[in-house]
Structure formats: structure tokens, C-alpha cells
Amino acid sequence: MALTETKKDFLKDLDLDENASYPALEIMSDGETKYLRDLRINAKNVLSSTNIQPKESYLLALAVAVNEKNDTLIKSFSDKSKDLGATDAELAETYACASQLAANNVFYRFRHFTKESNSVYQTMPAGIKMNVMMNPILGKEFFELMSLVVSAVNGCESCVNSHEESVRKLGSSDARIFDSIRLASVIRGLALVVR
């Protein structure tokens, strides 16, 4: 019974319909797994970091949800971002960032994987337009932070190193970077059970 209440509270935290079907959450609740409580606490903690503004937290969460193709969380995080003052242009740029990084992460991961076996790929021009990264509406530091988050989720080592260095050069603290990556990891896990 306690986990049923936890599930209801969790859905309320995310502004999700408690009458809708969420099969994985129902299995976890019925199976009385303690992870459900952990997931709720983790989600609340990462979305309320002292190192990331609330609107930024929800935009980062939205970028991960877009990357993970989770329509339920996309709606939840879009609505919450708007409630916190995000503009249509900022939401659009969050989608653009997730899309751009999905492309970049595949390309640069390939280059990284093949650098020992065929160095010629390292000298070939990428030929991928990245104008969205030049003068972002979200601001350069936050766009780089969002790029880092998506790159970490997608496991692109060279992209992670590049964006982490950029974000630090733009004045971001280690704590802000670390909290953003924690947020990404929890939201990715959340995306697997709230669909």
C-alpha cells in the first residue's frame, strides 16, 4: 500500500495523470521494489539542485527526454519549463540541441572508435552544419552544458571532453557540471520506467 502512495506522489511530482497507465511503474509498485522510492527521491533531488536554476533543470531534463524519445516526459518537462518562464524559442533550441548532438555524437564516436585503425577519418572534414551552436538563445554556457549532458547520455567520449572543457572555460563550476550529469543520469533512468 505504501508504494502505491509513493507511485501516486511520484506522478504528482511530475504533473502526470495518476489514472494513466505506466506499466513499468505499476510493476514496480505491485512488486514492492524499494527502487520506486529511490527514483522519486533522486528525481526530486536532481531537479532542485542549488547549482542549476529551476528552469535550467527542466530544460536539461527535457533535452534528455527528447534524446530518449519519451513523449510522456517531454510533455511533463516542456510544461514545467514553460511554467518556469521558458520561451517557445528556448524550448525549440532544446529540441535542436538534442537533435544536433544526436548527430554529432554518432559522428565523433565513430571517429574516436576508429582513430587507431584508420587515422584518415581524423583529417576528413565533418561536413555537418552546426550553426545552432554559434549564438544560442539559451546562452553559450548553458547550451554547452546541455550539449555535455546529451553527449554523456549518448556515451561520446570525445564530445564529453570537448563540451566539458568548453563549459569550464565559459565559467561553469565543477559542481554545476557534476549536478547536470547527475540530473541526466537520473532522467535517463526515469525515461525507462515512465512512458
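I began by listing the buried residues of helix H8, and I noted Glu141, Phe142, Phe143, Glu144, Leu145, Met146, Ser147, Leu148, Val149, Val150, Ser151 and Val153. I keep in mind that this is a predicted model.

I then looked up the extent of H8, which covers residues 140-154, and I found that its 15 residues reach 21 Å from the first C-alpha to the last, close to the 21 Å expected at 1.5 Å a residue. Because 12 of the 15 residues of H8 are buried, I wrote down that this helix is largely enclosed by the rest of the structure.

Which helices do the buried residues of H8 pack against? I traced their partners to helix H4 (54-67), helix H6 (88-114), helix H9 (157-169) and helix H10 (174-193). Just after H8, I came to glycine 155, which takes a positive phi of about 70°.

I turned next to helix H1 (residues 2-13) and helix H3 (residues 35-46), whose axes come within 10 Å and cross at roughly 25°. Since angles under 35 degrees count as roughly parallel, I recorded H1 as roughly parallel to H3. On the side of H1, I found the contact to be made by Ala2, Leu3, Thr6, Lys7, Asp9, Phe10 and Asp13, while H3 contributes Leu36, Arg37, Leu39, Arg40, Ala43 and Lys44. Sorting this contact of H1 with H3 by class, I noted six nonpolar, one polar and six charged residues.

Terms used: Residues are numbered from 1 along each chain as its sequence is written. This is a predicted model: local features need pLDDT of at least 70, side-chain atom pairs count only at pLDDT 80 or more; totals for chains, interfaces and linings use all residues. Side-chain values use heavy atoms; hydrogens and water are left out. Helices (H or I, at least four residues) and strands (E, at least two) are DSSP runs, numbered from the N terminus. The expected span of a helix is 1.5 Å times one less than its number of residues. Buried means under 20% relative accessible area, exposed over 50%, partly exposed in between (1.4 Å probe, protein chains only). Contact means heavy atoms within 4.5 Å. Axes are lines fitted to C-alpha atoms, for helices over the stretch in contact, and angles run from 0 to 180 degrees between N-to-C directions. Angles under 35 degrees count as roughly parallel, over 145 as roughly antiparallel, 65 to 115 as roughly perpendicular and the rest as oblique. Ala, Val, Leu, Ile, Met, Phe, Trp, Tyr, Cys and Pro count as nonpolar, Asp, Glu, Lys and Arg as charged, and the others, Gly among them, as polar.
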